[in-house]
Amino acid sequence: MTKTPIVNVVDDIITYASKAGASDIHFDPRENYLMVRIRIDGDLQDYTKIPKMYERNLITRIKLIANMNITESRLPQDGSIKGAIKGINLETRVSTLPTNEGEKCVIRILDYSRSLEGIETLGFNEDNFKKLEKMIEEPNGIILITGATGSGKSTTVYSILQVLNKKETNIITVEDPIEMNIEGLNQVQVNSEIGLDFATVLRSILRQDPNIILIGEIRDSETAKIAVRASITGHLVLSTIHTNNSLSTIERLLDMNVERYLLSSALSGIISQKLAKMICPHCRIKEETTPYQKKVFKMALGKDVNEIYNANPNGCDKCNNGYHGRIAIQEVLEINDEIRNALNEEDLEKDDLNKLVYTSDVITMLQDGLLKVLDGSTSFDEIYRIIDVDDDLDVYCKIRGIEYNENHNIEKKQEESKEKEDEIL
């Protein structure tokens with residue numbers, strides 16, 4: 001370390017993380033050192049410790065190449081690194097945050113390869129893919145892509161835009177920040193400091209004769225209302241929103257005071273997604289299903305499943321503890337006439353809307369996840385980690401009038417406890 005220039009240390013860390021398929025690099029200040037961690041397949045892993053004496057210079061170097069103010073360490077800053085580092089073309093977003101131990105820095109490595117490969121590579125099952133194709137063929141309406149931060153929403157949005165990007169269409173986007181530059185699109189970067197916010201840009205966009213509008217994210221009531229009105233006046237609108245599923249998305253828009261009659265006629269569909277780690281195909285193992293797993297498959301899919309693939313905890317030279325890469329678990333809701341009519345009713349109860357949504361032909365995230373467990377793409381443990389299985393089954397059973405066994409969760413915990421005992425023994 002003492003013989004290696006700081007410039008080379010930063011370059012080495014960034015290029016290693018990029019080659020390892022990391023999504024983020026964390027520089028965490030500690031009392032006696034700077035901890036460097038990288039996020040691979042959604043999990044943070046310790047990479048190296050850097051002596052405290054080099055911390056300031058290292059963070060300054062990152063700020064320098066990210067075009068940030070190197071003299072300001074008391075306020076959070078955002079920047080970006082674009083260009084080649086050690087022969088690797090990279091595009092990253094950089095964020096710094098002052099903490100009690102020093103400045104924390106996070107570099108997000110932007111990988112657009114999945115977006116460029118097309119929507120057919122995003123893991124949609126056949127039924128969901130047909131619904132998506134139908135939605136984006138509509139000349140107007142609003143399509144929402146929902147999920148938590150880091151759930152692959154941007155990848156899905158840009159994949160859809162690749163399909164829609166034709167010479168006869170005028171596509172305008174308003175984003176904060178612009179995630180990916182696409183030839184043929186008119187992309188606008190929001191700048192709230194000078195009053196260039198989503199609502200202001202959207203009002204101007206409507207005078208620019210657009211066919212398709214992308215709103216980076218619906219964050220407030222005003223943006224939601226303009227987006228909905230734009231879709232009614234003959235535009236196809238794409239946007240993202242931070243919600244967990246189709247039902248909570250509709251509720252969020254109603255909470256934002258979007259008029260029911262507008263929402264019912266504007267909304268075309270909702271794509272909800274989460275990311276699950278993929279099982280390494282080279283070292284995966286087949287195991288018998290536990291009684292709990294059998295019940296979940298039977299109740300959610302109506303199938304008797306005796307064997308499923310699982311990750312090999314020992315892993316191999318091609319994976320990380322049995323996992324490599326991630327796959328999207330999706331729920332695609334196409335708004336039908338029955339749901340539209342229900343949305344117009346002021347006294348619509350949540351349970352009634354729930355029943356309407358989940359008795360339509362929607363494949364829930366739980367069902368999609370379990371289907372991907374069956375084809376060996378991911379593990380049951382991953383689905384259990386990212387989806388509240390017992391809550392979903394409870395709702396599923398209430399809607400269909402099936403008696404729900406409240407002991408499921410207890411059984412699952414008993415199985416986990418038994419597994420731990422076996423490991424200790």
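Visitor: Which residue forms a salt bridge with Asp28, and how far apart are the closest N and O atoms?

Guide: A salt bridge is a side-chain nitrogen of Lys or Arg within 4 Å of a carboxyl oxygen of Asp or Glu. Asp28 forms one with Lys104, the closest N and O atoms being 2.2 Å apart. Asp28 belongs to strand β1 and Lys104 to strand β6, so the pair ties together parts that are 76 residues apart in sequence. Please note that this is a predicted model, in which local features need pLDDT of at least 70, side-chain atom pairs count only at pLDDT 80 or more, and totals for chains, interfaces and linings use all residues. Residues are numbered from 1 along each chain as its sequence is written, and side-chain values use heavy atoms, with hydrogens and water left out.

Visitor: Are Asp28 and Lys104 buried or exposed?

Guide: Buried means under 20% relative accessible area, exposed over 50%, and partly exposed in between (1.4 Å probe, protein chains only). Both Asp28 and Lys104 are buried. Asp28, Arg30, Arg37 and Lys104 are linked in a network of salt bridges.

Visitor: How many salt bridges does the structure hold?

Guide: The structure holds 22 salt bridges. One of them joins Glu346 to Arg260, with the closest N and O atoms 3.7 Å apart. Glu346 lies in the loop between α11 (337–343) and α12 (350–358) and Arg260 in helix α9 (residues 260–266), so this pair ties together parts that are 86 residues apart in sequence. Glu346 counts as exposed at 64% relative accessibility, whereas Arg260 is buried at 17%.

Visitor: In what order do the six strands of the open sheet stand?

Guide: Strands (E, at least two residues) and helices (H or I, at least four) are DSSP runs, numbered from the N terminus. Two strands pair if DSSP finds at least two bridges between them. Here the order is β3-β2-β1-β6-β5-β4, with antiparallel pairing. β3 (43–51) and β4 (77–85) stand at the edges, each with a single partner strand, so one side of each has no neighbour in the sheet. From one strand to the next, the twist averages 20 degrees. β4 and β5 (residues 88–99) pair over nine bridges, and Asp78 has Ser95 in β5 as its bridge partner.

Visitor: Which helix lies across β1, β2, β3, β4, β5 and β6?

Guide: Axes are lines fitted to C-alpha atoms, for helices over the stretch in contact, and angles run from 0 to 180 degrees between N-to-C directions. Contact means heavy atoms within 4.5 Å. Helix α1 (residues 6–19) lies across these strands, running at about 115 degrees to β5. Helix α2 (residues 55–65) also packs on the sheet, and its direction makes about 40 degrees with that of β6.

Visitor: What polar contact does the side chain of Thr200 make?

Guide: A polar contact is a pair of N or O atoms within 3.5 Å; within protein, one must be able to donate a hydrogen and the other to accept it, and residues adjacent in sequence count only if both atoms are side-chain atoms. Thr200, in helix α6, is partly exposed at 28% relative accessible area. The side chain of Thr200 contacts that of Asp197 at 2.5 Å.
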